[in-house]
There are 4 protein chains.
Amino acid sequence: MDMQGILEEIVEDIGLLGRHGEVASYIPSLGEVSPDKFGICVAMADGSVFGAGDWLTPFSIQSISKIFSLALVMSYDYDSIWKRVFREPSGTPFNSMIQLEADLGIPRNPFINAGALVVTDRLLTLTGDAAASVRGLLRSESGNPEVDVDDVVAASEADHGHRNASMAHLLASYGNLENPVEDVLSNYFKQCALEMTCEDLAKASLFLARHGVSSGGTPFLSPNQSKRVNAVMLTCGTYDAAGEFAYRVGVPCKGGVGGGIVAIVPGRCSVTVWGPALGPNGNSMAGIAALDQFTAKTEWSIF
Amino acid sequence: MDMQGILEEIVEDIGLLGRHGEVASYIPSLGEVSPDKFGICVAMADGSVFGAGDWLTPFSIQSISKIFSLALVMSYDYDSIWKRVFREPSGTPFNSMIQLEADLGIPRNPFINAGALVVTDRLLTLTGDAAASVRGLLRSESGNPEVDVDDVVAASEADHGHRNASMAHLLASYGNLENPVEDVLSNYFKQCALEMTCEDLAKASLFLARHGVSSGGTPFLSPNQSKRVNAVMLTCGTYDAAGEFAYRVGVPCKGGVGGGIVAIVPGRCSVTVWGPALGPNGNSMAGIAALDQFTAKTEWSIF
Amino acid sequence: MDMQGILEEIVEDIGLLGRHGEVASYIPSLGEVSPDKFGICVAMADGSVFGAGDWLTPFSIQSISKIFSLALVMSYDYDSIWKRVFREPSGTPFNSMIQLEADLGIPRNPFINAGALVVTDRLLTLTGDAAASVRGLLRSESGNPEVDVDDVVAASEADHGHRNASMAHLLASYGNLENPVEDVLSNYFKQCALEMTCEDLAKASLFLARHGVSSGGTPFLSPNQSKRVNAVMLTCGTYDAAGEFAYRVGVPCKGGVGGGIVAIVPGRCSVTVWGPALGPNGNSMAGIAALDQFTAKTEWSIF
Amino acid sequence: MDMQGILEEIVEDIGLLGRHGEVASYIPSLGEVSPDKFGICVAMADGSVFGAGDWLTPFSIQSISKIFSLALVMSYDYDSIWKRVFREPSGTPFNSMIQLEADLGIPRNPFINAGALVVTDRLLTLTGDAAASVRGLLRSESGNPEVDVDDVVAASEADHGHRNASMAHLLASYGNLENPVEDVLSNYFKQCALEMTCEDLAKASLFLARHGVSSGGTPFLSPNQSKRVNAVMLTCGTYDAAGEFAYRVGVPCKGGVGGGIVAIVPGRCSVTVWGPALGPNGNSMAGIAALDQFTAKTEWSIF
């Protein structure tokens, strides 16, 4: 299989298709990114890396960080996080508080904002600095020591973060936060504001395609834990479009409003695509089209 | 791999664990089944079949029939059913009408009752007799010409079917039924009341593990359609427990209140388990435990 | 106070304001009524009657019938209906099934459709013919022996009644109907299809302004029961606009999609207005404006 | 009518009935109050005052303060508050956020917490100090210059106020707060923590029974505004039990978790009852029973 050729074909096709959707603009610095950017990178289980388009341009990883904070908590604490967060699809838009209230403060899964706040809270207790701990994992797995928080984006998130603050206080009202609301929010906003390239992210998430084995060759997660993170990604990773992603793309994915999506083909590779214009469900329009083509061309759907 | 040995181990372990949960009793004939029954059958892609426990005892397939009516509609009509039913997890108990109302009569997916009624309605239009058409597929794929409807169960479903009647009228009020409510319900109750053994069901669903190829070797679904049915099963096949199944079992599954579950390992095999006692989400307790062991022992999780 | 003068002023003002809104058209015969019709009638506690505009033109009373079926059930059975229906405002559009499901088959109040179906079911058990029993009450209280069901409208309701059928089956699934679904629906559609003039309706509802005393001078309801029907009308009688009516009009009201509204000024009079064009909440636009003026001019708000 | 006798009878009867329910304990200082306390006070439109039981013991007015902040905002600003808050019953428990989200940040009415936060926000903008402004009104109308905030309770509310903080941030996320979240919360907690006796409260709310006329004889609200506050109290004043109150008591009421309830008989009197033990809807159990008796004995139901 000519992986480099496949990626270049995809970049060409996505360019021809044009980029539909809208760049996230709820915080000013996100809204400044050009909607015409598009990059793709594949990191193979054997360590080889292929990329095309704007695969070396950094972008804000946003909710993609939720994979890594979850993996970190599971690496420290195995299974105890599941007492505080469910792992079922949410069935409602990604930032809804309705189910949180109906379920008495237990978020539906770790990839909606409420669940990610609980995971960050737990990581904060376990490590003393959740955002630094996520950054540390991303640096070591990507091999790029310069991975860092964009402080302007982090400050912007905090300024526009009434909805996340509302959710954090609601979690606290149900006794489902261990740390002060302000500390949880500050860590959460920082980890969302990490900047990385497609290459960085593909390398950093490769452990999920290698049954938990880290870039250094040692187990970061057990094979069982790695499978389970992938299962939660497939059923819950793309907000209210998990069914659509499974149907069209057929592998576990996690997207962010910065326009990036990480996809895992278990045993084979991790893929990162980036296109800043978002569809109605908050996922990259170019990204989902590119992943659809990728699994069609490679026939690597898990189904 | 000694498949027969694996299945016998599972039967033994499940026996030791005991059977928790409750047999469905909303219709009298279902409630008469012993909760101690347990069977498992694996049909391999190459046609070989392995079974253990009560794998040759017939049971009511109930909602498992939804896989076959969906596959039939897709075989006739490719993709047009998706204008009338979504393919997203429901996030609420399996028979809820709340989302149906919020979504103006478009069911969340074809595996909740509302969605299955729409699929049955479409199949009725396409074939003139939806229940006979499902029975025909099951007979030809299982190789058992005696597969048939249990008329007592079908009549019982109709007598206790106010909830399904309510849903069908609600669909009709939104213009999402093509046939009279009574006809759709009658076909739906009949297809749910089909009786089959684990062996019958494992053979009949094998086409989903063989990329759509039927028992006769000809394509029933395209590879792409087969993948997509599997994707919908994984994200939506087990009511409100899709996330839990993906996490623990890691392959597409579809259960019924008769206690059966069909699982598909794409490219490898189909599995049917049967244990009549159900957990709180309406899935077989013994069945989920058995499938958990099966994918652990075989390492055939798709993640 | 010159009541006749007040009513004529109102007819003139409403004419100047014009009639906004849309005539109900979900059943064909309702849609044929001219939106320009407007009538008002006041029946005083002493028996005198005043009217203006189209006050002698018959119209379909629709949901206004719910007052009379409730009063009848209470007259036979005092308080036992409240075990099967709540008396709280619904907080959602008038025909929603969401709360019915959340409350396990107990409707929020007797004036939403689900609650009225339960009341009709009870009246059917108590009298053997709920629709005839409502018709009998309306004939005797209005003094008009020709009050009758419009059979074309009743048949039309049944033909377009999937939503009510859905609700009735849902009630039955929770065990909250005593009679067959078809019988309850048929009685319900008939009582909704009764035709009356403003004069008929003002006279027929006068017992609620006379502390339960019937046109014949004998108690139909006790003073306490009469108060309680008025209280339920005020809090629940106008679908999702009960707060708006209380705020603007300030007396108990019950409207129907035929464009009629009955208002009760306890101790003083009953008022009926009729204007077929409906606002977004399903209440007569001209009617609410007229009642607003009526209580302003008379200073008869109960607050 | 021997009003003093009526009140003494009620105190005796309520004593015989015993006090059911539970004292609010979400903040420690509220939980310390004895559930056996019971007081009642009636302030007549002519200025005479009658009291019985513990009518001179101060208690925390809590949500009863919402009447006064609403009246103040209406006195300054007539009707503009209704662009930011609806006046419909909520149909869900008093502190729910579900409807707030469904309605895009517009609370259902000014007497649920979300709506009261919006009213307090507006009052803060209008006066610069919402809590002081409420306190000023209560002092002048009750004639008791010592009415004041219990600082321990106010601090306690803030410490246990995650739910209100969550709601305030959600309102802010929809752009429905004019002032910083912290300032709105601090004013809100202070006005809820005001301490008053039954006598103070009956006198302070008398303007609503006198068509808006203040204790000094000057108009505080217009007659129309006064009616409208009463209408909103009747339909929305008692959380999810507005229908039950209208049915049993039959006059506008507003309760608080401190166990007080204010009731208004338009044109006649205001009544305050206090019994700290609450029923499932957050209203005083003894209070509702006492008001039921009061309107039965006086025959002053508005229906």
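Predicted model: local features only at pLDDT ≥ 70, side-chain atom pairs only at ≥ 80, totals over all residues.
**Notebook: chains A to D**

I started with symmetry and found that a rotation of 180° with 0.0 Å of shift along its axis superposes chain D on chain A, with an RMSD of 0.0 Å. For this, copies are superposed by least squares on the C-alpha atoms of residues with pLDDT of at least 70 in both. That is the relation of a two-fold axis. I then looked for the C-alpha of chain D nearest the axis, and it belongs to Ser166(D), 2.0 Å away. I also checked the contact residues of chain D: 100% of them recur in chain A, so the same surface serves both copies. Contact here means that the C-beta atoms of two residues, placed from the backbone, lie within 7 Å.

Residues are numbered from 1 along each chain as its sequence is written, while chains are lettered from A and ligands numbered from 1 in the order in which they are written.

Next I turned to chains A and B, where 28 residues of chain A are in contact with 28 residues of chain B. On the chain A side, α11(A) gives the most, with 8 residues.

Last came α9(C), residues 181–192 (helices are DSSP runs of H or I, at least four residues, numbered from the N terminus). I found 9 of its 12 residues buried, among them Tyr188(C) and Phe189(C); buried means 20 or more other C-beta atoms within 10 Å of a residue's own, with C-beta atoms placed from the backbone.

Methods:
Helix = DSSP H or I, 4+ residues; strand = E, 2+ residues; numbered from the N terminus. Expected span 1.5 Å × (residues − 1).
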